[in-house]
Structure formats: structure tokens, C-alpha cells
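Subject: Structure handover and notes

Hello,

Here is the structure I said I would pass on. My notes follow below it.

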Amino acid sequence: DMVEALNMQTNLDWLIARQGHITASNVSKFLTGGRTKSEPFGETAKTVVNQYLDEKTDPCFDDLASRTETYQMKMGLVSEKRALQLFQEQTGLIVSDEVGFISETINGIDFGASPDGIIYGEDGSIDAIVEIKSRSGAEFRAERDKLGNKATVAQMQLAMLLADCPRAYLVMYDVANDKIQYIAWTRGFGFKRKLLNQIELANNYIEAQNELDGYTNLKDHLVIDNEYQE
């Protein structure tokens, strides 16, 4: 079981499928605006888009070349089955851990998510997805304190959108005490409106960058801060 769990999200097929997508784990950065209302598409969002574009063109970029397993990643993968077992025992829900990489192209941008579990309805459709975060001690409490922040909300909302399901469960597994706590999320359609708006801004940014790629001398095509030239 440990070998199977460790192989789930570190094998080459998974890495290749994941590459070239804005994933649920970093979609909150994609949704980041600038420091003022006049700059709706901020530097953090631009960084995410640039990485996305690099992954599209360079098969050795990011994960395939430099991905390393952190202690938290290894602990999470090994303990995932135990967390699912406890979750099923306490809720009576049946969770399948045979989950692949879910992806969808939305207005030209590829998004993806890797839920840790799926709950199917009687008609075979996806009723809910399950995300597991395994932590220990102070890290468990720190992660629990962040459950309501924008990053966690965005991660769960994108996963539900891609899986086309009405709800999700975020399961916190306390490794040291072998117990879980969980929170149920419902799908919010306000998230999709925000995502679509940001995708439009991202496409505008990509179009502008593609245009700049055609110039050799950029002097007349960039906005230059002249503070130090006056």
C-alpha cells in the first residue's frame, strides 16, 4: 500500500499530464490582482502565466526537471490511505482513490486538479471530491488555521469546477494523533465568474507578450519609468 501511495503522484505519467496546466494548488496566485485597482492582473498572476507558457513549450521545464519530494509530500502520500479509511468510517461515505488528473481547457487556458478521492452518486456521476492534507503537530494546527483563506477556497472551487460536482470535502489528517478533521465545501458560481474574468486578462497579457516577441528593439513598445532619467 505504501508503494502504491508513493507512486500515485510522483510517477512520470502524472507529471507529464500535469505539465502545462494551471493547477488547483496555485490557481489562487493566478487570480491575484495588482497592488491597485488600476492593475487587475498583478505580477504574481503574470508569473503563473509565464510558467504555464514555459511548460507548454519546454518539455523539461519545472516538474519534470526539478521536482523533488519534500517531507510533507512523502508523509502525505504515505498517510493518504489511512486518512481516507478514517474519513469513510466516520462519515459512512464510500470514497474511490482511483483518481487521475482532471483537466479542462477554459477559454484557451488549460486547468487541472488531482483530487485524492472521488465520491460517486447512484447514477455514476461525481457527487463530491475529497482533498487530503496530512500534517503533524504545529504544522497541523497552522494548516487548519488557513482553511478559510483565499488559496484554500480557490483550490477547492477549481477542483469542483473541473470535476463538475456540487461539493467537496477537505480532510485534515493529524499524523501524530491518527485522527482527522474535515470540512465540507459547496460549489460557488461566483468563483467561475472571477476565473473567466481573469482568463480574459491572461489572454490579453499573452497576446501582448506575443506581439513583443516580434520586435528586436523594444524601446518604443514598452512603458518605461523615467524617474531616473529626468
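Of the 230 residues in the chain, 40% count as buried, where buried means under 20% relative accessible area, exposed means over 50% and partly exposed lies in between, with a 1.4 Å probe and protein chains only. The model is predicted, so local features need pLDDT of at least 70 and side-chain atom pairs count only at pLDDT 80 or more, while totals for chains, interfaces and linings use all residues. Residues are numbered from 1 along each chain as its sequence is written, and side-chain values use heavy atoms, with hydrogens and water left out.

The chain has nine helices and seven strands. Both are DSSP runs numbered from the N terminus: helices are H or I with at least four residues, strands are E with at least two. Among contacts (heavy atoms within 4.5 Å) with a separation of 6 or more, residues 24 or more positions apart account for 65%.

Core

In soluble globular proteins, nonpolar side chains tend to be buried together. A nonpolar core here is a set of buried Ala, Val, Leu, Ile, Met, Phe, Trp, Tyr and Cys residues joined through side-chain atoms within 4.5 Å. The largest one has 39 residues, and F30, F111, I129, L158 and L195 have the most contacts inside it. Two or more residues each come from α3 (27-30), α4 (43-57), β2 (102-106), β3 (109-113), α8, β6 (167-174) and α9. Helix α8 supplies the largest share, eight residues. Apart from this core lies another, of 13 residues, including L84, L86, I119 and I180.

I129 touches residues that include P115, I118, M156, A159, M160 and Y169, leaving aside those up to four places away in sequence.

Helix α8

How far apart are the end C-alpha atoms of helix α8? They are 20 Å apart, which agrees with the 20 Å that the 14 residues of α8 (150-163) should span at 1.5 Å a residue; the expected span is 1.5 Å times one less than the number of residues. The helix is mostly covered, with 11 of its 14 residues buried. Among them are T152, Q155, Q157 and L158. D164 follows α8 and has a positive phi, near 55°.

L161 belongs to α8 and counts as buried because its relative accessibility is 9%. Not counting residues up to four places away in sequence, L161 touches E104, I106, R187, F191, K192 and L195. L161 and F191 are 30 residues apart along the chain, and their C-alpha atoms are separated by 9.0 Å.

Cavity and pocket

Rolling a probe the size of a water molecule over the atoms shows where empty space is left. On a 1 Å grid over the protein atoms alone, a cavity is a set of points where a 1.4 Å probe fits but cannot get out, and a pocket is an open set with protein on both sides within 12 Å along at least five of seven lines; lining residues have an atom within 4 Å of a point. Grid points are joined across faces, edges and corners, and a volume is the space filled by probe spheres set on the points.

A search of the whole structure finds one cavity of 30 Å³ or more. The largest cavity has a volume of about 40 Å³ and is lined by Q157, L161, R187, G188, F189, F191 and K192. Both α8 and α9 give two or more residues to this lining, and α9 gives the most, with three. By class, the lining has three nonpolar, two polar and two charged residues; Ala, Val, Leu, Ile, Met, Phe, Trp, Tyr, Cys and Pro count as nonpolar, Asp, Glu, Lys and Arg as charged, and the others, Gly among them, as polar.

The second largest pocket has a volume of about 230 Å³. Its lining includes S38, F41, K46, L201, Y205 and L212. Helix α9 (189-212) gives the most to that lining, with six residues.

Positive phi in loops

Most residues other than glycine have a negative phi, and most peptide bonds are trans. N107, in the loop between β2 and β3, has a positive phi of about 50° although it is not a glycine. N107 is exposed, with a relative accessible area of 51%. D178 also has a positive phi of about 50° and is not a glycine. D178 lies in the loop between β6 and β7 (179-186) and is partly exposed, at 34% relative accessible area.

Regards
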